[in-house]
2 protein chains.
Amino acid sequence: MKSMFTIEQLQQKISDEINKVDLVKEPANLYQPIKYTLDAGGKRIRPALVLAACNIFSKDIENAIPVALAFEVFHNFTLLHDDIMDNSPKRRNKETVHVKWNENIAILSGDAMMIKAYGFLNDLTANLLKEIFPVFNKTALEVCEGQQYDMDFETTENVSEKDYLKMIKLKTSVLIAASLKAGAISGGANEKDADLLYDFGLNIGLAFQLQDDLLDVYADTNVFGKQTGNDIITGKKTFLLINAMERADDETLKELKNLISDQKIDKQEKVAKVTSIYNSLGIKELTENKISQLHNKAINSLNSLSVENGKKEVLLSFADLIMKRKK
Amino acid sequence: MKSMFTIEQLQQKISDEINKVDLVKEPANLYQPIKYTLDAGGKRIRPALVLAACNIFSKDIENAIPVALAFEVFHNFTLLHDDIMDNSPKRRNKETVHVKWNENIAILSGDAMMIKAYGFLNDLTANLLKEIFPVFNKTALEVCEGQQYDMDFETTENVSEKDYLKMIKLKTSVLIAASLKAGAISGGANEKDADLLYDFGLNIGLAFQLQDDLLDVYADTNVFGKQTGNDIITGKKTFLLINAMERADDETLKELKNLISDQKIDKQEKVAKVTSIYNSLGIKELTENKISQLHNKAINSLNSLSVENGKKEVLLSFADLIMKRKK
């Protein structure tokens with residue numbers, strides 16, 4: 001038996017396990033939307049991290065599979081409900097559940113999906129359940145807090161960098177962090193190592209989200225085609241916009257605010273003008289520096305783990321992947 | 001220390017415990033709706049049953065308090081989300097959350113409320129958690145199934161008595177049944193006794209719902225004022241209507257269907273005419289007989305419990321209360 005799996009192998013393993021979940025059940029209007037959502041795929045990053053973290057401490061990763069499924073199904077539940085709240089028509093190139101069925105069915109099948117997520121934890125031993133349940137539970141609540149802050153920020157005039165980082169930490173990072181921590185616990189890690197992996201996940205998660213903000217404006221257009229600048233067009237308060245507003249002088253700030261709130265301006269012109277302000281304020285470098293800082297903090301946590309270096313390679317390459325992605 | 005508590009004492013205990021739950025937290029738009037919902041009160045029947053069932057097997061009911069809170073908060077979560085789906089403007093004489101705040105906040109605070117419900121189970125010992133978690137989880141999913149069937153039935157032409165009983169079992173009874181079972185487990189009951197209490201709850205829950213259907217039409221108007229016949233006015237497929245449709249001859253069936261679908265007829269006239277059809281078909285007696293049957297089955301389960309009769313009194317009087325209520 002091979003002792004260390006690659007992320008790709010773990011992603012495949014999870015996809016196989018998800019395919020085994022029996023969702024051909026009645027009432028069909030409750031279960032079909034769950035199956036539809038899970039069948040749509042996605043990168044299975046969180047469950048792969050659960051298994052990878054377990055694998056650092058144990059050759060046998062079977063214990064961690066229910067945990068991985070719980071995190072993946074919970075994540076997909078949040079997408080289902082977020083899509084209602086954000087009024088999103090598409091997800092992974094398919095109609096969202098509230099569009100394909102209706103909003104009531106999307107609410108209720110989302111609820112059922114969250115319960116299904118918890119349900120996987122049933123397969124754990126009493127002691128493992130007692131350790132992992134509070135990690136899962138606390139994180140689930142934090143993800144809701146993050147989504148609420150995100151919605152609140154849409155109508156908040158001044159969002160500080162600190163507020164923003166707190167929001168993305170709750171909305172995105174804690175679930176990645178908890179996936180790693182719960183995986184580590186399943187593999188028998190001690191508390192210190194489990195917490196180090198949590199910190200690794202927290203910082204990588206933040207770096208990932210800031211990279212998202214950055215790529216929306218500064219993606220390599222030669223490689224990936226025309227950039228969208230979608231966040232600029234919709235006036236989303238990203239790390240870039242928040243920092244530009246903090247750094248701008250009065251005149252530039254006024255111009256920036258006018259641009260962002262202008263619904264009539266040509267979209268490409270809007271993107272070009274806001275990007276030009278970002279450039280003049282050094283927002284690209286500032287964001288890249290912040291991402292580097294977060295990446296370094298993440299790596300430091302990995303370095304402090306009480307295991308041989310070879311076992312850290314999967315997570316190191318995962319961190320590299322996050323840093324190097326261009327889209 | 002008094003060894004047996006009354007239902008009223010247990011309801012009070014639960015209200016005190018709910019008041020202790022810290023919900024003055026940020027983001028306020030997430031937590032205030034939860035506090036608002038729980039502060040609105042309600043009869044606290046499910047958590048009182050958790051504690052009452054525990055109390056049959058143990059003088060000490062402290063173990064069961066987290067379980068009672070989990071069931072009560074879960075029940076209130078279902079009301080919050082059901083009110084969105086049913087487009088209900090009021091609940092317990094207060095505006096519903098989706099009206100007082102908005103629909104997105106109602107969806108998300110409902111999600112958080114379900115997570116809070118699970119969270120109380122954190123306080124259980126590893127062994128108790130391992131026993132109670134699957135009971136809670138299975139039941140939570142069944143409640144969603146019941147709500148989906150209820151929504152499906154709105155647009156289903158022919159709902160049979162069997163289908164209807166299955167729906168109300170899932171939507172209402174299983175949560176009452178599981179409250180009793182989980183309470184019994186918390187008190188150290190053996191599996192057989194816990195299952196007998198589950199069956200007691202299942203049948204009492206069905207009797208309760210059929211009583212609801214009956215009282216909508218046949219409530220004692222002298223005592224409680226004018227009856228509403230609200231189910232008749234809205235054309236809800238109740239136990240009474242479903243059985244009337246099954247029993248009616250072709251001509252009466254046609255008349256009944258026309259009456260139910262008639263949106264223009266005077267409401268009082270509609271109620272009077274449908275009630276008159278119910279009377280001619282003996283629907284009141286049929287429903288009363290069914291309720292009696294269910295009550296008897298429930299009492300038989302109680303009689304089979306392996307504990308002295310004195311300890312069953314609280315649940316016997318609870319069952320009596322259900323049977324004798326007039327509204």
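## Chain A: contacts and fold

Among contacts in chain A between residues at least 6 apart in sequence, 74% join residues at least 24 apart. Two residues are in contact if their C-beta atoms, placed from the backbone, lie within 7 Å. The model is predicted: local features need pLDDT of at least 70, side-chain atom pairs count only at pLDDT 80 or more, and totals for chains, interfaces and linings use all residues. Residues are numbered from 1 along each chain as its sequence is written, and chains are lettered from A and ligands numbered from 1 in the order in which they are written.

Chain A has 16 helices and two strands. These are DSSP runs, numbered from the N terminus: helices are H or I with at least four residues, strands E with at least two. Of the 327 residues of chain A, 47% are buried, with 20 or more other C-beta atoms within 10 Å of their own C-beta, placed from the backbone.

## Chain A: size

The C-alpha atoms of chain A fill a box of roughly 60 × 50 × 35 Å along the principal axes.

## Chain A: two domains

Chain A is assigned domain 1 (1-145) and domain 2 (190-327). The bounds come from an automatic or database domain assignment. The C-alpha centres of the two domains of chain A lie 26 Å apart. Seven residues from domain 1 of chain A and seven residues from domain 2 of chain A form the contact.

On the domain 1 side, helix α3 (residues 45-57) of chain A gives the most, with four residues. That side divides into six nonpolar, one polar and no charged residues. Nonpolar means Ala, Val, Leu, Ile, Met, Phe, Trp, Tyr, Cys and Pro; charged means Asp, Glu, Lys and Arg; the others, Gly among them, are polar.

## The A-B interface

In chain B, 33 residues are in contact with 33 residues of chain A. Helices α2 (28-39), α4 (65-85), α6 (103-120) and α7 (126-154) of chain B each supply at least two residues to the chain B side. α7(B) gives the most, with 16 residues. The chain B side comprises 19 nonpolar, nine polar and five charged residues.

## Helix packing in chain B

α7(B) also packs with helix α8 (residues 161-186) of chain B, at an angle of about 170° and with axes 7 Å apart. Axes are lines fitted to C-alpha atoms, for helices over the stretch in contact, and angles run from 0 to 180 degrees between N-to-C directions. α7(B) and α8(B) are therefore roughly antiparallel, a term for angles over 145 degrees. Their contact has 14 nonpolar, four polar and six charged residues.

Key
Buried ≥ 20, exposed ≤ 12 C-beta atoms within 10 Å, placed from the backbone. Parallel < 35°, antiparallel > 145°, perpendicular 65-115°, else oblique.
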